[in-house]
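Please keep the sequence and the structure at hand while reading.

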Amino acid sequence: MAYNGYLLKAGSTIIPLSFIRYDTYHIQPKQRQDLDPYRDVNGVLHRNVVDNMPSVIEFSTPTLYASQLQEFLNLIRDNYSSSKERKLEVTYYDPETDSYKSGDFYMAQPDFSIKQIIDGKIMYNEMTINFIGY
């Protein structure tokens, strides 16, 4: 299945592209993890790649007014399976396979920074969102 008009879903909810700055969207699908790799006396690398291969997804939002920021965060919060862990199921477009994959992720701590206040409305700077696979 090829790209189908969205990059991410939080649970079954598509995250609108208006919340994602395309030029900041980065994905590291199925990162390989080694358990006790070593080089032998000839310098040859020996790897023991484990089965769990979590993906990492990172992007920045555009600048958002407080109401827009809450709309975005509610899309994510409403799909937490564990709010304490910020854990949720994420479906993402994987360019390596030109298909969609799903898995359990947690959202790393966001960093909120006010850009300006206009007519009593807070506008936030772009912020980086990280979804890290379990």
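Contact here means that heavy atoms lie within 4.5 Å of one another. The model is a predicted one, and under that definition Thr24, leaving aside its neighbours within four places in sequence, is in contact with Glu58, Phe59 and Ser60. Thr24 lies in the loop between β2 (13-14) and β3 (26-28), and its side chain reaches the backbone nitrogen of Ser60 at 2.8 Å. Because its relative accessible area is 12% and the cut-off for a buried residue is under 20%, Thr24 counts as buried.

An open sheet of 3 strands runs in the order β7-β12-β11, with antiparallel pairing. β7 (64-65) and β11 (114-118) stand at its edges with a single partner strand each, so that one side of each has no neighbour in the sheet. The pairing of β7 with β12 (residues 121-124) is antiparallel and extends over 2 bridges, and Leu64 has Tyr124 as its bridge partner in β12.

The largest nonpolar core holds 29 residues, of which Leu8, Tyr25, Ile57, Phe59, Phe72 and Phe131 touch the most other members.

Leaving aside its neighbours within four places in sequence, Phe131 is in contact with residues including Leu8, Ile57, Phe59, Ile76, Leu88 and Phe105.

Notes. Residues are numbered from 1 along each chain as its sequence is written. This is a predicted model: local features need pLDDT of at least 70, side-chain atom pairs count only at pLDDT 80 or more; totals for chains, interfaces and linings use all residues. Side-chain values use heavy atoms; hydrogens and water are left out. Two strands pair if DSSP finds at least two bridges between them. Helices (H or I, at least four residues) and strands (E, at least two) are DSSP runs, numbered from the N terminus. A nonpolar core is a set of buried Ala, Val, Leu, Ile, Met, Phe, Trp, Tyr and Cys residues joined through side-chain atoms within 4.5 Å. Buried means under 20% relative accessible area, exposed over 50%, partly exposed in between (1.4 Å probe, protein chains only). A polar contact is a pair of N or O atoms within 3.5 Å; within protein, one must be able to donate a hydrogen and the other to accept it, and residues adjacent in sequence count only if both atoms are side-chain atoms.
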